[in-house]
Amino acid sequence: MTSALQLPYELWLRVFSFLSWKDKLSMRCTCSHFKRLMDESRPVWRGFSVVLKDLSRYNRAFWRSLARRQLTSVSLRAGKKRDLKLLSVWLPLLEALRLDNWRGNDVQELKRFHLLNRLTLTACSTPLVDLEFLLPLSHQLTQLSLCNVQLTCPASQLLASISQLTRLGSLLLHHDGSLAIPTLRGVLSQLVHLRFLSWTMINYKRLPQDFFRPGTGAAGGASLSLSDLQLLNYDAAVTHEVLQPLANLRSLSVFHLYSVPGPTCHLQTWLTSLQQLCSLSVHGGHPLVVYADFLPSSLLSLTLCVDLQPEDLHVVSLRAPNLQHLHLEPWSSSSNLVRLLPQLFPCLKTLAIRHHHVSDEDFLGLHQLQHLNTLEILDSFYRPDPNDPSLVVYKPSSRLLQLISNLQKLTNHKVRVITSSHRDALTCACI
């Protein structure tokens, strides 16, 4: 062990770079040498985020350890005003901050973070009276997410505050529908760098002609820089004229408001207006057969969480012959769909499917996808007791693990398989 410790620190840091976050934390606890080496090396912790709660339980040694890592990302749960002050003292280099279940309506202490450029507020227990706290960050923020946050300020005041964040490249605003915002015109004309927008559409029945128009006096054909658009709780009628400013859009995600849609499929208008789309994600709404013939041939990525039949996939393969990424989560059983994929979509590189009710033969048949490098299994659970269907174990069954092993052998282990339990674990940060 002594000889190992004498290795150059650059070599050890190279070794550490291949470890998962969990393994890095375990390695840090093995000896004082590794602890010091890892804590004093910022590259080891690049991209690492910690989840903090009840800051009073952390001692000075804990804070010094975080400070030495020069962390740039933190998620604070059930925080209060004094917590922000403490964070700014120990972690002044924070660039990304997530506030989950914020307690209180005073977030003015955010002005202490001079490098903060990514801010998320979600599930706040107290309504926010206004967004004045954003003003000191107006020249810093590049990403802003307000999700499940109750805002009591007028819509005009909300838009005025957001419009001053002129560096924003990403904006997510999900609310309960109480905000009546007639048009995004005023915001989009100011946020010239905006590339990603996720917006709640629950109180829109018909989009006005100027909904996406860049600004006052702009020509009818003027285009936004927006490339990625998400519409939450969508059920609004739209015209081709409304969508003209979205000529640069490359990714569209639609989460429909109703599982039983109305008589008109508004998605048809979107698809015929946006012929350059590379990515499309549809959740709910009309069955695929209603709009499959309108899919643009430019599609490379497609997510379908809808009602669909095997014959619908044949239409998709004809409309989007170069599809490389497919997320298939039909409302009905997928047992007759998986067997079609190698024939219909030979260019697939990533695939996400359910495996329940899929035969072993059809599952293993995925090895015919010569370009596949990642397979995600969306339902990695099983019921160990046939007599007790309520007992569910949320991890891969022995049968599924064996299927995965057999598939990897057939592909010479070139396919990385992700199960839902592994995916969920990746989203949890530990300290």
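**Contacts, burial and backbone in a predicted model**

Visitor: Which residues does His266 touch, not counting residues up to four places away in sequence?
Guide: Contact means heavy atoms within 4.5 Å. By that rule, and with those sequence neighbours left out, His266 touches Tyr234, Asp235, Ala236, Ala237 and Val238.

Visitor: What kind of model is this?
Guide: Residues are numbered from 1 along each chain as its sequence is written, and side-chain values use heavy atoms, with hydrogens and water left out. Local features need pLDDT of at least 70, side-chain atom pairs count only at pLDDT 80 or more, and totals for chains, interfaces and linings use all residues; the model is predicted.

Visitor: Is His266 buried or exposed?
Guide: His266 sits in the loop between strand 9 (251–256) and helix 10 (267–273). Helices (H or I, at least four residues) and strands (E, at least two) are DSSP runs, numbered from the N terminus. Buried means under 20% relative accessible area, exposed over 50%, partly exposed in between, with a 1.4 Å probe and protein chains only. The relative accessibility of His266 is 17%, so this residue counts as buried.

Visitor: What is the relative accessibility of Leu194?
Guide: Leu194 lies in the loop between helix 8 (185–190) and strand 7 (196–200). Beyond four places in sequence, its contacts include Leu168, Gly169, Ser170 and Leu226. Leu194 counts as buried because its relative accessibility is 3%.

Visitor: How far apart in space are Leu194 and Ser125, C-alpha to C-alpha?
Guide: In sequence, 69 residues separate Leu194 and Ser125. In space, C-alpha to C-alpha, the distance between Leu194 and Ser125 is 29 Å.

Visitor: Where is Ser170?
Guide: Ser170 is buried, because its relative accessibility is 15%. Leaving aside neighbours within four places, Ser170 is in contact with Thr142, Gln143, Leu144, Leu194 and Phe196. Ser170 belongs to residues 170–174, which form strand 6.

Visitor: What arc do the buried residues of helix 11 cover around the axis?
Guide: The buried residues of helix 11 (residues 310–319) are Asp312, Leu313, Val316 and Ser317. They lie on the same side of helix 11, because their arc, taken from the directions from the helix axis to the C-beta atoms, is only 145°.

Visitor: Which elements do the buried residues of helix 11 pack against?
Guide: An α-helix has 3.6 residues a turn, so residues three or four places apart point the same way. The partners of the buried residues of helix 11 are strand 11 (301–305), strand 12 (325–328) and helix 12 (341–344).

Visitor: How many disulfides are there?
Guide: A disulfide is a pair of cysteine sulfur atoms within 2.5 Å. The count comes to zero.

Visitor: Which cysteine sulfur is nearest to that of Cys124?
Guide: Cys124 is buried, since its relative accessible area is 11%. Cys124 is in no disulfide. At 10.0 Å, the nearest cysteine sulfur is that of Cys147.

Visitor: How far from Cys305 is the nearest cysteine sulfur?
Guide: Cys305 is buried too, with a relative accessible area of 11%. Cys305 is in no disulfide. The nearest cysteine sulfur is that of Cys265, at 16 Å.

Visitor: What is the phi of Asn101?
Guide: Most residues other than glycine have a negative phi. Asn101 is in the loop between strand 3 (96–100) and strand 4 (118–122). Asn101 is partly exposed, with a relative accessible area of 26%. Its phi is positive, although Asn101 is not a glycine: about 55°.
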